[in-house]
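Here are a few exercises to work through with the model open beside you. Try each task before you read its solution.

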Amino acid sequence: MSASDPRSILTAALDGGAPLDLAKVGGHLDAKRLGTKFHYFAEIGSTNTHARELAENGAAEGEVVVAESQSAGRGRLGRRWESPPLANLYFSVILRPKLAPAQAPQITLMAAVALAEAIDWFIPQRPVIKWPNDILVNGKKLAGILAEAACIAGRVEHVILGIGVNVNCPVDAMPQELRQRATSLFDVTRIHMDREFVLRRLIQDLDRCYGDLEQFGFEAIAPRWEAHFGLRGKRVRVELLDQVLIGRARGMSRDGALLVEDDDGILQRVFAGDVIPLET
Ligand code: BTN
């Protein structure tokens with residue numbers, strides 16, 4: 001690692017950031033299905049890729065791949081997810097939900113609720129969901145979700161639920177291009193967080209929300225998602241695959257689409273795209 005590598009600043013800033021002790025996570029976990037087994041890596045390409053390989057080879061629901069750093073961390077829309085060592089959380093959970101492929105986006109929305117509810121516990125500010133899967137605090141991204149589903153014969157075979165949370169990374173140690181857009185629990189609170197405690201809380205909240213989704217259906221998730229939705233009534237620019245939509249965000253449909261009222265007053269349903277708020 002050279003002195004100009006942002007990770008060297010980060011390592012210095014963290015001064016003693018210790019590796020995760022997963023015995024402290026699994027030993028006290030209050031979860032029914034998630035966190036049954038942890039696969040730990042000091043460094044990996046992407047926890048999602050490894051979890052997918054495990055799932056394809058029969059790994060059980062609830063197994064978790066966690067890494068201290070990722071050399072090829074992936075975000076939505078083919079973006080890179082910065083994954084410096086010993087500061088943040090990068091993990092992927094194997095799920096085997098009883099859902100039809102068309103319902104698979106509910107997993108992302110469920111996870112956004114779980115993350116928002118977990119992060120709410122750590123900070124005084126209210127975390128906000130930016131459709132579909134960004135968790136923002138003070139308008140800056142604190143966590144992201146990458147859910148990748150595999151479907152066979154008209155049913156979901158597994159979903160790899162990948163989560164990245166900026167925990168102890170000071171904003172000054174982030175790459176220059178992220179400093180205006182990203183934040184961390186440390187940045188918000190000035191408190192160096194116990195990553196084991198944060199990971200345990202995240203897995204427990206995911207387990208609870210996943211259980212709610214299975215037992216009560218998406219009706220149990222949608223109002224909680226709406227309660228954390230930060231764009232309602234705001235003008236947004238939505239970058240779709242081949243066009244741009246500008247309008248006012250109105251909420252989410254029961255099947256997880258973002259509802260945007262365009263300038264002709266027509267309610268458009270967006271299933272995939274990048275949403276950029278045009279006002280705060
Ligand atoms: C996004 O906001 O674009 C999604 C980011 C998801 C990042 C996490 S980190 C753990 C898991 N492994 C990956 O390669 N990506 C996800």
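**Exercise 1: a parallel pair**

Strand S1 (residues 37-41) and S2 run parallel and are joined by five bridges. This is a predicted model, where local features need pLDDT of at least 70, side-chain atom pairs count only at pLDDT 80 or more, and totals for chains, interfaces and linings use all residues. Residues are numbered from 1 along each chain as its sequence is written, and side-chain values use heavy atoms, with hydrogens and water left out.

Task: find the residue that stands opposite Val 66, then work out which residues cover the two faces of S2.

Solution. Start with the pairing: Tyr 40 stands opposite Val 66. (Strands are DSSP runs of E with at least two residues, helices are runs of H or I with at least four, both numbered from the N terminus; two strands pair if DSSP finds at least two bridges between them.) Next, recall that side chains in a regular strand alternate between the two faces of the sheet. On one side of S2 you get Glu 63, Val 65 and Ala 67, on the other Val 64 and Val 66, and all are buried. (Buried means under 20% relative accessible area, exposed over 50%, partly exposed in between, with a 1.4 Å probe and protein chains only.) Five of the five residues of S2 (residues 63-67) are buried, so this strand is largely enclosed by the rest of the structure.

**Exercise 2: the five-strand sheet**

Task: give the strand order of the open sheet and name its edge strands.

Solution. The order is S11-S10-S9-S8-S12, with antiparallel pairing. The edges are S11 (267-270) and S12 (274-277), each pairing on one side only. Now zoom in on S9 (residues 244-252) and S10 (residues 258-262): five bridges join this antiparallel pair. One of the partners to look up is Met 252, whose bridge partner in S10 is Leu 258.

**Exercise 3: around the ligand**

Task: which residues are closest to the ligand, and which strand gives the most to the shell around it?

Solution. Of the 20 residues that surround the ligand, the closest are Ser 46, Gln 70, Arg 74, Arg 76 and Lys 141. (A residue counts here if one of its heavy atoms lies within 4 Å.) Check some distances next: an oxygen atom of the ligand is 2.5 Å from a side-chain N or O atom of Lys 141, and a ligand nitrogen atom is 3.0 Å from one in Thr 47. As for the shell, S6 gives the most, with four residues.

Technical notes:
A polar contact is a pair of N or O atoms within 3.5 Å; within protein, one must be able to donate a hydrogen and the other to accept it, and residues adjacent in sequence count only if both atoms are side-chain atoms.
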